Amino acid sequence: MLQEVTEKELITVTIDKYTDLQRIKKANGNTENSELDYQIRIVTAKLSSMGVNVEDLTL
């Protein structure tokens, strides 16, 4: 059974992922993590394409 996801639900899930990644980045302190940075860039691009301003969400 396939259920459709609304745009609002998709935005909510993507914001949750973005905030999770931001918390991980903050917990890492000054430790360099290129994969984490890449994932944040990808989610940022997705949110921007949905019209969400990530500046309001960044820790």
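At the start of helix 2, a side-chain oxygen of Asn-33 comes to within 3.2 Å of the backbone nitrogen of Glu-35. The model is predicted. Helix 1 covers residues 7-28, and helix 2 covers 34-49. The buried residues of helix 1 pack against helix 2, and those of helix 2 pack against helix 1.

**Helix 1**

- Helix 1 has 22 residues, which should span 32 Å at 1.5 Å a residue. Its end C-alpha atoms are 32 Å apart, in agreement with that figure.
- Five names make up its buried set: Ile-11, Thr-14, Tyr-18, Leu-21 and Gln-22. They cover an arc of only 105 degrees around the axis, so they sit on the same side of helix 1.
- An α-helix has 3.6 residues a turn, so residues three or four places apart point the same way.
- Val-13 and Ala-27 are exposed on the other side of helix 1.
- Gly-29 follows helix 1 and has a positive phi, near 65 degrees.

**Helix 2**

- Helix 2 has 16 residues. From first C-alpha to last it reaches 23 Å, close to the 22 Å expected at 1.5 Å a residue.
- Its buried residues are Leu-36, Ile-40, Val-43, Thr-44 and Leu-47. Seen down the axis, they fall within an arc of 105 degrees, so they line one face of helix 2.
- Ser-34, Arg-41 and Ser-49 are exposed on the other side of helix 2.
- Just after helix 2 comes Gly-51, with a positive phi of about 85 degrees.

**The nonpolar core**

- The largest nonpolar core has 9 residues. Its members are Ile-11, Tyr-18, Leu-21, Leu-36, Ile-40, Val-43, Leu-47, Val-52 and Val-54.
- Helix 1 and helix 2 each supply at least two residues of this core. Helix 2 gives the most, with 4 residues.
- Leu-47 is a core member and one of the buried residues of helix 2. Leaving out residues up to four places away in sequence, Leu-47 touches Ile-11, Thr-14, Ile-15, Tyr-18, Val-52, Val-54 and Leu-57.

**Two threonines: Thr-14 and Thr-58**

- Thr-14 is found in helix 1. Thr-58 lies in the segment after helix 2.
- Thr-14 has a relative accessible area of 9%. Thr-14 therefore counts as buried, because the cut-off is under 20%.
- Thr-58 has a relative accessible area of 40%. Thr-58 therefore counts as partly exposed, because that class runs between the 20% limit for buried and the 50% limit for exposed.
- Not counting residues up to four places away in sequence, Thr-14 touches Val-43, Lys-46, Leu-47 and Met-50. Among them, Val-43 and Leu-47 are buried residues of helix 2.
- Beyond its neighbours within four places in sequence, Thr-58 is in contact with Tyr-18 and Gln-22. Tyr-18 and Gln-22 are both among the buried residues of helix 1.
- Thr-58 and Tyr-18 are 40 residues apart in sequence. In space they are 8.6 Å apart, C-alpha to C-alpha.
- Tyr-18 also belongs to the largest nonpolar core, and Tyr-18 is among the residues that Leu-47 touches.

Notes:
Residues are numbered from 1 along each chain as its sequence is written. This is a predicted model: local features need pLDDT of at least 70, side-chain atom pairs count only at pLDDT 80 or more; totals for chains, interfaces and linings use all residues. Side-chain values use heavy atoms; hydrogens and water are left out. Buried means under 20% relative accessible area, exposed over 50%, partly exposed in between (1.4 Å probe, protein chains only). Contact means heavy atoms within 4.5 Å. The expected span of a helix is 1.5 Å times one less than its number of residues. The arc is that of the directions from the helix axis to the C-beta atoms. A nonpolar core is a set of buried Ala, Val, Leu, Ile, Met, Phe, Trp, Tyr and Cys residues joined through side-chain atoms within 4.5 Å. A polar contact is a pair of N or O atoms within 3.5 Å; within protein, one must be able to donate a hydrogen and the other to accept it, and residues adjacent in sequence count only if both atoms are side-chain atoms.
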